[in-house]
Amino acid sequence: MINKQVQIITNFLDETRALGEKTGKHLDPGTVLALTGDLGSGKTTFVQGLAKGLDVPDNYYITSPTYTLINEYPGRYHLFHVDLYRIENYADFDDIGLYEILRSDGIIAIEWADKLPKNLLLEYLAIHIDILNNESRKISIAAHGLREKTWD
Ligand SMILES: Nc1ncnc2c1ncn2[C@@H]1O[C@H](COP(=O)(O)OP(=O)(O)O)[C@@H](O)[C@H]1O
Ligand SMILES: [Mg+2]
């Protein structure tokens with residue numbers, strides 16, 4: 001059962017993907033997921049699972065949208081996958097259409113969300129991944145400003 005805040009240890013890439021998948025099955029349209037954690041911590045891996053949980057067809061392979069910054073996938077809800085790693089300044093958010101998609105009713109997964117202006121997101125799921133060792137990750141999920149919800 002996941003409530004307001006939860007921490008989960010995953011010991012393999014597949015477990016992180018499975019957690020993403022489970023999360024994807026329970027999201028309401030318009031939910032923003034703010035992903036943080038070092039390079040190689042597993043943010044993209046989590047989003048791959050998320051896509052599965054959102055019924056994005058298997059022929060789409062989810063990788064970090066490093067050059068395009070935003071990728072879009074069809075699914076039960078539209079999935080926007082954003083990677084802000086290379087973003088230089090706030091003006092760029094407008095250029096890439098970030099503000100527009102934040103008003104959409106898709107699911108918006110944002111890697112390097114700590115680069116967003118403070119207080120831009122009012123309601124979001126914060127997902128932080130810590131690298132414990134080669135294969136283990138600590139994944140902390142917290143709901144900010146979201147209606148309380150119970151998952152099984
Ligand atoms: N428990 C785990 N969860 C997620 N990734 C893991 C795990 N253990 C090892 N890895 C490896 O860590 C890397 C995560 O990469 P990626 O998901 O692209 O990270 P990020 O998007 O945060 O930079 C992959 O090479 C993956 O194989
Ligand atoms: Mg990534």
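## A tour from helix α1 to the magnesium site

Start by selecting L13, which is partly exposed with a relative accessible area of 44%, where buried means under 20% relative accessible area, exposed over 50% and partly exposed in between, computed with a 1.4 Å probe on protein chains only. What you have open is a predicted model, in which local features need pLDDT of at least 70 and side-chain atom pairs count only at pLDDT 80 or more, while totals for chains, interfaces and linings use all residues. Residues are numbered from 1 along each chain as its sequence is written, chains are lettered from A and ligands numbered from 1 in the order in which they are written, and side-chain values use heavy atoms, with hydrogens and water left out.

L13 is found in helix α1; helices (H or I, at least four residues) and strands (E, at least two) are DSSP runs, numbered from the N terminus.

**Salt bridges**

Stay in helix α1 (residues 13–25) and select R17 together with D14, which lie 3 residues apart, about one turn of the helix. Their side chains meet in a salt bridge at 3.9 Å, N to O, the term being used for a side-chain nitrogen of Lys or Arg within 4 Å of a carboxyl oxygen of Asp or Glu. R17 is partly exposed at a relative accessible area of 28%, whereas D14 is exposed at 51%. Side chains of opposite charge can pair when their charged atoms come close.

Next, select R76 and D55, whose side chains form a salt bridge of 3.1 Å, N to O. R76 lies in the loop between β3 (70–73) and β4 (79–83) and D55 in the loop between α2 (43–53) and β3, so this pair ties together parts that are 21 residues apart in sequence. R76 is partly exposed at 37% relative accessibility, and D55 is partly exposed at 44%.

Then move to K138 and D130, where the side chains meet in a salt bridge of 3.9 Å, N to O. K138 counts as partly exposed at 26% relative accessibility, and D130 is partly exposed with a relative accessible area of 27%. A further selection, E21, K25 and K52, shows one network joined by salt bridges that share partners. In total, the structure holds 5 salt bridges.

Now select L69, which is in the loop between α2 and β3. Is L69 buried or exposed? At 13% relative accessibility, L69 counts as buried. Leaving aside residues up to four places away in sequence, L69 touches H81, V82, D83, I87 and I96, a contact meaning heavy atoms within 4.5 Å. L35, by comparison, is 34 residues from L69 in sequence and 14 Å away, C-alpha to C-alpha.

**The magnesium ion**

Finish at ligand 2, the magnesium ion. Which protein donors does the magnesium ion (ligand 2) have? They are T44 (OG1), S64 (OG) and E111 (OE), lying 2.1 to 2.4 Å from the ion; donors are N, O and S atoms within 2.8 Å of the metal (3.2 Å for Na, K and Ca), and sites may look incomplete because water is not among the atoms. Along the chain, the donors follow the spacing T-x19-S-x46-E. T44 lies in helix α2 and S64 in the loop between α2 and β3, so the pair ties together parts that are 20 residues apart in sequence. T44 is buried at a relative accessible area of 16%, whereas S64 counts as partly exposed at 25%.
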